[in-house]
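Student: I am new to this structure. Could you walk me through how to read it?
Tutor: Gladly! Let us look at it together.

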Amino acid sequence: MKTMRMNLGNESYNIYIGYGISDEAEKLINLDRKVIILTDTGVPKEYSESILNKCKDGKIVTIQMGEGAKNLDTVSYILEQMLDFNMTRSDVLVACGGGMVGDIGCFCASLYMRGIDFYNFPTTLLSAVDSSIGGKCGVNFKSVKNTVGAFYQPKAVVIDPAFLKTLDKRQINEGLAEVIKMSLTSDGELFSFFENNDVGEGDYERIIYSALDIKRKVVEEDEKETGIRKILNFGHTLGHGIEATCDGALYHGECVALGMIPMCGAGVRDRLIKVLEKTGLPTKLSFDLDKALSLVVHDKKCRADKIDIVVVDEVGKGRIQTVKTAEFSEIVKKALI
Ligand SMILES: NC(=O)c1ccc[n+]([C@@H]2O[C@H](COP(=O)([O-])OP(=O)(O)OC[C@H]3O[C@@H](n4cnc5c(N)ncnc54)[C@H](O)[C@@H]3O)[C@@H](O)[C@H]2O)c1
């Protein structure tokens with residue numbers, strides 16, 4: 001097992017990574033209190049049940065799977081379950097699922113009695129390498145993604161790559177897209193690993209550790225995303241536009257893969273495309289580019305007529321650049337058409 005420390009003063013916490021470590025979860029975290037384990041209908045039950053078996057007084061709460069359930073109605077349902085279970089401020093909510101369960105679970109923990117402890121057991125590669133750490137949580141509101149939420153750090157994160165065995169290849173690949181993203185902006189050696197190897201199950205532990213180490217350093221420097229943390233949004237600006245355009249046909253990570261391509265200098269772009277192709281990620285336009293761009297430009301979260309983009313001219317060295325929204329469209333079109 002590897003242990004990584006997220007250093008955030010009073011809000012610091014450990015991230016545990018290792019095959020089979022969920023079997024000994026009670027040695028890593030305090031389950032000797034009331035515990036709600038939040039999961040969704042798509043996560044194999046055995047995972048939440050294995051955590052429940054370690055609790056003296058636990059209860060599983062299952063919400064509907066899918067992004068559609070990440071809303072305030074579900075928040076209300078979870079809070080009701082917490083209240084009915086007579087949870088106090090010294091009890092804990094455990095998320096056992098992908099980024100959806102993690103985001104909404106963490107948000108509920110932040111709200112209940114002004115904040116109770118939160119542990120995260122990510123069960124998708126995307127959540128293991130990215131969303132499980134960093135403290136951004138929340139839900140979608142009025143069809144705008146992640147508009148209502150908070151910064152609320154977990155008390156610990158337990159990552160058992162054995163939980164990933166039930167994911168299909170496409171889900172694994174979209175998680176790898178996020179790792180490729182982080183390697184391109186921050187870790188040239190990790191990017192070369194993707195270039196020189198066919199990544200398989202035996203590499204998950206190493207890849208998760210490397211990705212989280214990149215994110216950890218960024219979050220430690222800029223917890224509330226006022227500066228350098230924006231580097232993690234590489235590929236996401238256009239990616240979100242593509243996601244909103246393609247009506248579920250492409251996964252989030254696949255949209256990020258496409259969103260990275262125009263944001264790279266020509267030499268880096270060729271290398272990226274090769275890595276994406278061997279990882280089974282899309283590299284070709286299969287969406288309405290104009291519509292995607294117009295969604296980016298009209299995104300409610302855009303600051304006036306300017307937008308912060310992340311550009312990679314050299315592998316391992318991303319930089320944040322503020323451009324006019326019209327300029328952003330030009331950059332994308334020049335690279336893709
Ligand atoms: N907070 C952050 O920093 C951050 C960062 C990135 C993404 N996110 C959020 O994460 C969410 C996406 O996360 P995701 O990709 O993990 O999607 P997800 O949580 O919706 O999970 C995808 C699907 O996989 C199923 N699943 C989960 N674990 C499984 C397993 N081990 N075996 C089989 N099926 C399993 C789920 O039931 C679901 O149907 C989005 O809501 C996004 O906004 C948050």
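Tutor: Let us begin with a pair of helices: α12 and α13 cross in a right-handed way. Keep in mind that this is a predicted model.

Student: How should I describe two packed helices in general?

Tutor: Two packed helices are described by the angle between their axes and the distance between the axes. Here, the axes of α12 (residues 289-297) and α13 (residues 325-336) come within 10 Å and cross at roughly 155°. Angles over 145 degrees count as roughly antiparallel, so α12 and α13 are roughly antiparallel to each other.

Student: Which residues of α12 and α13 meet?

Tutor: From α12 come Leu289, Leu293, Val296 and Val297, and they meet Thr325, Phe328, Ser329, Val332 and Leu336 of α13. Sorted by class, this contact has seven nonpolar residues, two polar ones and no charged ones.

Student: At what angle do the axes of α6 and α8 cross?

Tutor: The axes of α6 (residues 169-186) and α8 (residues 204-221) cross at roughly 50° and come within 10 Å. That angle makes α6 oblique to α8. As for handedness, the crossing of α6 and α8 is left-handed.

Student: And which residues make up the contact of α6 with α8?

Tutor: Look for Glu178, Val179, Met182 and Ser186 on α6, which meet Ile207, Ala211, Ile214 and Lys215 on α8. The classes in this contact are five nonpolar, one polar and two charged.

Student: Let me try α9 and α10. Is their crossing left-handed or right-handed?

Tutor: The crossing of α9 and α10 is right-handed. The axes of α9 (residues 236-245) and α10 (residues 252-260) come within 7 Å, with a crossing angle of roughly 130°. These two helices are therefore oblique to each other. On the α9 side you will find His236, Thr237, Leu238, Gly239, Ile242 and Glu243, meeting His252, Cys255, Val256, Leu258 and Gly259 on the α10 side. The contact of α9 with α10 contains five nonpolar, five polar and one charged residues.

Student: Now for the whole chain. Which domains does the domain assignment give?

Tutor: The assignment gives domain 1 (2-166) and domain 2 (170-336). Their C-alpha centres lie 26 Å apart. To read the boundary between them, look at the residues in contact: 23 residues of domain 1 touch 22 residues of domain 2.

Student: Which elements supply at least two residues of the side of domain 1 that touches domain 2?

Tutor: They are β1 (2-6), β2 (13-17), α5 and β8 (144-151). The largest share of that side, five residues, comes from α5. By class, the side of domain 1 that touches domain 2 has 16 nonpolar, five polar and two charged residues.

How values were computed:
Residues are numbered from 1 along each chain as its sequence is written. This is a predicted model: local features need pLDDT of at least 70, side-chain atom pairs count only at pLDDT 80 or more; totals for chains, interfaces and linings use all residues. Domain bounds come from an automatic or database domain assignment. Two residues are in contact if their C-beta atoms, placed from the backbone, lie within 7 Å. Helices (H or I, at least four residues) and strands (E, at least two) are DSSP runs, numbered from the N terminus. Ala, Val, Leu, Ile, Met, Phe, Trp, Tyr, Cys and Pro count as nonpolar, Asp, Glu, Lys and Arg as charged, and the others, Gly among them, as polar. Axes are lines fitted to C-alpha atoms, for helices over the stretch in contact, and angles run from 0 to 180 degrees between N-to-C directions. Angles under 35 degrees count as roughly parallel, over 145 as roughly antiparallel, 65 to 115 as roughly perpendicular and the rest as oblique. A crossing is left-handed if the near helix is turned anticlockwise from the far one by less than a right angle, and right-handed if clockwise.
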